Amino acid sequence: RLGRYINRSVFLATQILPSVDNQHRKDFGPTVSPERLLLGPGPSNADPAVLKALSQPPIGHLDPFYVDLMSEVQELLRYAWQTSNRLTLPMSGTGSAAMEATLANVVEPEDTVLVAIKGYFGHRLADMAGRYKANVETIHKEWGNAFSLQEIEDALKKHTPAVLAIVHAETSTGVCQPMDGIGDLCRKYNCLLLVDTVTSLGGVPLYLDEWKIDLAYSCSQKGLSCPPGLGPFSMNERAENKMSNRKDKVPNWYLDVSLLNKYWGSDRVYHHTAPVNMNFGIREALRLLAEEGLEVSWGRHRTNAKSLWNSLENIGLELHVKEELRLPTLTTVKIPEGLDGKAFTKHLLNNFGVEIGGGLGDLAGKVWRIGLMGYNSTSENVDKIINIFETELP
Ligand code: PLP
């Protein structure tokens, strides 16, 4: 046997192979991440306990220990979202993968999908729905405002959609859409309610079942203080029924919940190799959230955001969104006239290691975006960013 191995090695060593091109073989040294305080639109800093969990040695994705851990992740996600939905799981991918999963699973060609757009991520929803061959209808609100119940009802009456899609926490504007009554309207007009909770999960009150939300998605890297890489997803029985009654297969193999549920449900059949370590990380993040308690976490985010808002106004800056619609996790601040906003954010990153965001889309060049999310929502971080603004703004 050993002889066979030696013969094979000799054969490989003497085989004539094309010479290896070494032009891309660079010696970059080990990977080292610089120290940053991430006070932008996300990702936020990961909790050190989450990083520790992430760095555990991987195990098999069908290992009984891992299978139990999957159920724990699902259960803790149900708590974070306040839902009893059976189909609640983290998609392998970022928030956009989970966004795509909500649409891919329930939208059939020619279904009308009504998207209520009041910022950048509403446009992304409309773009994706079109790719699944929906008849996409949109209603618009200026970037910095939210929809009224009347506006939503008028649009539902006019378009009679199969799905209404709306962003709860618009990261591009810093607006929190009031959700009261939208779910009831969707039941009245017989459509599914699909909600983006990427910047609200963990940091802002959110009640999937009570608000009659049929489909929701989120991300790992904001209010949960885990690195980017997983996209929590949830669908209720109404959405499941629409998925089960579709004429054709879900037009996306990777995100097909009926297939994924064979792995995440009781069968535990292989679908794709789960990002095991990411799930170690999100389990720890969700465990920490449950340990703190949702009401306490939501209260902490609100208290720190309010303190940020007061301090920013005290130093003469203006906020973009009126107080009753402001998101505790993300604040948009108007860039003072004549100031180069981009140069200022670059200055903060280069000289203080602090990241804040610039404006997106309609608000590009007009606002800064300051995030206080999850692990980063602390009074120390509020003091830090305010001190920097005070000393560095001209
Ligand atoms: N929806 C909202 C409201 C977001 O803020 C983001 C990202 O910031 C996304 C969707 C997309 O998530 P990801 O960038 O994780 O794919």
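Biologist: Which helix gives the largest share of the shell around the ligand?
Modeller: In this predicted model, helix 4 (residues 95-106) supplies the largest share, three residues.

Biologist: Which residues come nearest to the ligand?
Modeller: Of the 14 residues around the ligand, the nearest are T94, G95, S96, T171 and V198.

Biologist: And how do the residues of that shell divide into nonpolar, polar and charged?
Modeller: Seven are nonpolar, six are polar and one is charged.

Biologist: Turning to the sheet, what is the order of its strands?
Modeller: The sheet is open, has seven strands in the order 2-10-9-8-5-3-4, and shows mixed pairing. Strand 2 (87-92) and strand 4 (135-140) are at the edges with a single partner strand each, so one side of each has no neighbour in the sheet.

Biologist: How many bridges join strand 3 to strand 4?
Modeller: Six bridges join strand 3 (residues 112-117) to strand 4, and the two run parallel. V113 has V136 in strand 4 as its bridge partner.

Biologist: Which strands does helix 5 touch?
Modeller: Helix 5 (residues 120-131) packs on the sheet and touches strand 3, strand 4, strand 5 (163-167) and strand 8 (192-196). Its direction makes about 165° with that of strand 3.

Biologist: At what angle do helix 11 and helix 13 pack?
Modeller: Helix 11 (residues 294-314) and helix 13 (residues 379-392) pack at about 20°, with axes 9 Å apart. That angle makes helix 11 roughly parallel to helix 13.

Biologist: Which residues make the contact?
Modeller: Helix 11 contributes N304, S307, L308 and S311, while helix 13 contributes S379, V382 and I386. Three residues of this contact are nonpolar, four are polar and none is charged.

How values were computed
Residues numbered from 1 in each chain as written. Predicted model: local features only at pLDDT ≥ 70, side-chain atom pairs only at ≥ 80, totals over all residues. Axes fitted to C-alpha atoms, helices over the stretch in contact; angles between N-to-C directions. Helix = DSSP H or I, 4+ residues; strand = E, 2+ residues; numbered from the N terminus. Parallel < 35°, antiparallel > 145°, perpendicular 65-115°, else oblique. Contact = placed C-beta atoms within 7 Å. Nonpolar A, V, L, I, M, F, W, Y, C, P; charged D, E, K, R; others polar. Near = placed C-beta within 6 Å. Pairing = 2+ DSSP bridges.
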